[in-house]
Amino acid sequence: MKHRYLYFFCILLASCNPHLDIPDLYEAPLYIDRYVAIGDMYSAGTINKGWTYDGKPGMSEQGQEYALAALLASQFQQFRYFEFTQPLVTGTTGNQRLAYYEQAFCPSLPAIDSISWDTATVAWTQLNWQEDLDNLAVPGLRMRDWATTDPSAPVSPIFQQMAGSGKSYADYLATNPADFYTVWLGMEDILYAAAAGMAFPDRKPLDGDAFAAEMKNLLLSLASPDGKPRIVVGLLPDVTNFPYFRKQAYRWQENTGCLVSFSDIFIQTANEGIRVATAEDRILLPARYWIGRIVPGGKQGLDLSHPVPDSLVLDRDERQQVQQLIQSYNNGIRATVESLERQYPYTSFALASLDPAFTEIVEGGLRLDGLILSTDYLLGDVFSLDGLTFSPRGNALVANLWIQAINQTPGFRAKVPPLNLANYPGVLFP
Amino acid sequence: MLCFAFLGAAPRFVVAQIPVGSVPLRLSGGIHPGMAGAATAMPAGAEGVWTNPATLTWQPKSEIIFGTTLIRPATTYLAETPSVYLDTTFTNLITPIYLALCWRPGNGSKSTKWAYGLGINSPFWNFTRWPENWKGRLVVEEYSVRTLFVEPTVSYRLTQRLSIGGGPLIALGNWFEKKALSYVSTSGEPTYAEHNAIGSGAGYNLSLYYRASDKIALGLSYRSKISLQVIRGEARFLVPVSLSPDFPDQNFESVLTFPAQLTGGLCYMPSSRVSLDLDIEWLQWSKADSTFVNYDQQTLYVRNRTWSGSFQDVIAFRMGIQYNLSELLSVQTGFSYSPTPVPRAYLSPAFPDANRVRVAAGLRWNITPKISVDGSISQEFTGERTGFLTGTGFGGTYASTITALNLGLRYGF
C-alpha cells in the first residue's frame, strides 16, 4: 500500500509546479525588417566620457554593448530576428575608470573617490566599418549640423569614419532606409553649451524655432507617404538635473578630522558678475578638481579674486535659460510630430519621454526591482562616471521608458517586453 | 581633506527582507495531516500534544508516534505585463521530523485523570530559493525559516466530560536570507548580503475538551504568540573591495514572531467508525507582523531597520473525516482554507503568501494492536496573486503549491 503512495507522490512531484500563463508574446508583436537608430552619444553607447566636452572620447565596446539603441534592438528582435549592426569600437577611444573609492570614516563626510583615465587603445582614424550599419547614432551629433556638408566643421570624427568624408548626416540617412526609426537628438545641442557653463558664444545652441525646423526636415526625410515607417522620437529631459551639474556642491566643505566646516564658493556669473554661489547654481563636476587649490593670494574659487570661471558654473540664470531651451525644443518636437501625424497618416509616431520616472529619480530616488535609482554621483546607478551619460543600468531604464512609450502608442499596436534592470551594471567599483 | 559637500543623498540601505515568513504547516502527526489539520475536537492520540492537549486524557493507552514529512514548496513568479518573464523557485525537499509521546499513568484506567505529553516538531518552516540570476535577486534570492518546538504538556480530566490541558512551548529557530546587492565590481564578481540568525523563544498552550455526548465533542485550543529572539545573528557581505569597509561582516539582533492561534473545533461522531471534525481558527497575525534588525556596527549603507508588514488577523477553516474501515485500517481525508494575512502591498518574493486551499488524504494501518504505520499526502495551492513589496518597486504575480508526504510510525504501550 505504502509504495503506491510513494508512486503517487512521485507523480505529484513532477506535476505540481504552480502554473501561471505567460502572456503570448505574439499577441501584439512588433515586426521590424530594419531598425535604424538616429541620435547622439545617448543612443550610441558613450559611457565614462572625459570631463572636457569635445564629443570625442568615451566609446568602447563595453559601452556599445549597452547602448540604448542596442538594448532596444535586443527587445525588438524577440519578435523576429533582424540584423542590428553597430559601429563597434574594438578597445577604447579613451574612457574614465573609477580607480579608487573609499567611504570616509566619519559618517557625516562624503566618500573619497578618484577617477583615472584609460588611454585610447584605438585612434579614430583607425576605425573602419565595412558592413552596413544600423546604429547610426553619432557621438557629438547635434541637430544644428545634421545637414551640414562643410568638411571644415565635420559633424563628428566618428561620423567621418562611418560615412566617409564629404557627406552630410542627412545624405547618409537617405542611403539607409528602414521601417523603424528611433530619433533622439538635441541633448548634445544643449550640452555642447551647457556642459561648458554657457560660457562660449560660439557654442550657442539653436533656438527653439530653428531646432523645430531642423527636426521637421529630419522627420520629413524619414516619413514617406506610401511606406509605413514607424518612428519613435525622444523628448529631452532636464539635463541640468544630471549629476554633472552638481546639486549639492554650492558650498565648499572642509574637514578637520570629523569636524566639518563650510565656506562660500565665489563664482563668475553671466549677468551678475562675481558672487557667492547659491543652492540654485550648479557647479560643474570638473570643478571638483579645481576649487580649493592654493594659488598666490588665496585658494581657487574660495575668494573674491579667484572665482570659479563661468565655464565651470551653470549659474541660476543660465540654468533657467537651459531649462527654457529644453522646453522649447520639446514643444518643437511635439508640434512637429503632431503636424506630421496629420500629414502622413500611414506613418506611426511615438513620443518617448523620461518623465515622470526621471522626476522621481531627481527627487530622492526611484525604487525598481529592489534598486534605488537616483542622480547621486557614483551611487545613483543611473549615470556613468562623467555624470552626463547613462550607465548601462541607466540605459536599460531609458530603454524601458521608450518601450513603455511604444506600448502606449496605439498606432504601434505592440506590447514589447521591458528589460530586466538587475541584469545591467551601474558604476563599476574597484 | 577637501571635498565638496555631499548632502541629502538618497538613502541606500541594505534592506533585509521582512523576516515574517511562515504559516503554520500542520503537517506533523500521524492522523491529522491526512485530515488537513482538523482535529481540535477529536482525540487523535499522541499528536493531541499539537492539536489539543486536553484530549490526551481520553487516550486509552500510552503511545509514541514519530516520523517525517517530505515537503516540497514551489512558487512561480510572473513579472508585470507586458513582460513575459517567468521564473520558478528551486525544487527542494525539506524534511522536518516529528515525535509525540502520550504517557497515561496506570495505562488509561478510569481512575487516572492525568495524562502527560511531549511533542517535538517543526510547526513553521519556509524555504524559498530563487535562481541566482532571477529578476528579483536584489529583493531576495533565498529565504528560509526553520523551527523546532518542544512542547511538554499535561492534561487533566476535570469531570466525566470535561478535560483541560496545556504546557509551555519552547522554540528554537533559524532564519536565513540572501539577496544580491546592486553594486558591481570591476572584476565582475557577484555581490550579495547574507543574514543568518538563530533564535529562541517561549510561549504556552492551553486547551479544553468537552465531550457533550457520545456523538458530539467540542474543543478549544490556544497557542500563544512566539517571538524568537536572535541568540546569534551574523551578517555577511560580499562587495567590491573599495566598498568593503562600509560593509563589515558583523552580528545583528532581530526577532522573528509567529502568531497566536485560537482554534475552536466541533467533532461529530455518528457511529463508532466515523469522526468528522470541523475547526475554525483565528490567527493573530496583526501582532506578528513587525520586526527589526539592529546591527552591531552601523555604516552609511548598513543601517538598523524596523518593519511592519501591516498583516491582518485571519480566520481559517478546516474540515476532516476519519473512517475506520476495520480494526486494521482507518482512512482520513480533509480540506482546509487559510486566508492570507499579507496585504497586496507587502507581497514579498520571500514569502509570497496567498489564500491557501489544502486537500489531504491519509491512512493508518494497524500492523499489530501496538504498531501502526501512518501515511498521508496533501496538496496545498494558492490561486494567482498579484501584488508588490512596498519600498522595493518589485511586483508581479505569484502562485504557490506545497506538496507533502507524511510517513510515520505509532507504537502503543
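Start by selecting A:Met162 and the residues it touches beyond four places away in sequence: A:Pro87, A:Trp129, A:Leu133 and A:Val138. Contact here means that the C-beta atoms of two residues, placed from the backbone, lie within 7 Å. Keep in mind that this is a predicted model, where local features need pLDDT of at least 70, side-chain atom pairs count only at pLDDT 80 or more, and totals for chains, interfaces and linings use all residues. To find your way, note that residues are numbered from 1 along each chain as its sequence is written, while chains are lettered from A and ligands numbered from 1 in the order in which they are written.

Now colour helix H5 of chain A, residues 157-163, where A:Met162 is found. Helices (H or I, at least four residues) and strands (E, at least two) are DSSP runs, numbered from the N terminus. Is A:Met162 buried or exposed? A:Met162 is buried because 20 other C-beta atoms lie within 10 Å; the cut-offs are 20 or more for buried, 12 or fewer for exposed, and partly exposed in between, with C-beta atoms placed from the backbone.

Next, show the contact between the chains, with 55 residues from chain A and 57 residues from chain B. On the side of chain A that touches chain B, H1(A) gives the largest share, six residues.

Finally, zoom in on S18(A) and strand S9 of chain B (residues 184-185), which run parallel and are joined by two bridges. Strands pair if DSSP finds at least two bridges between them. Select A:Leu428 here, and you will find B:Val184 of S9(B) opposite.
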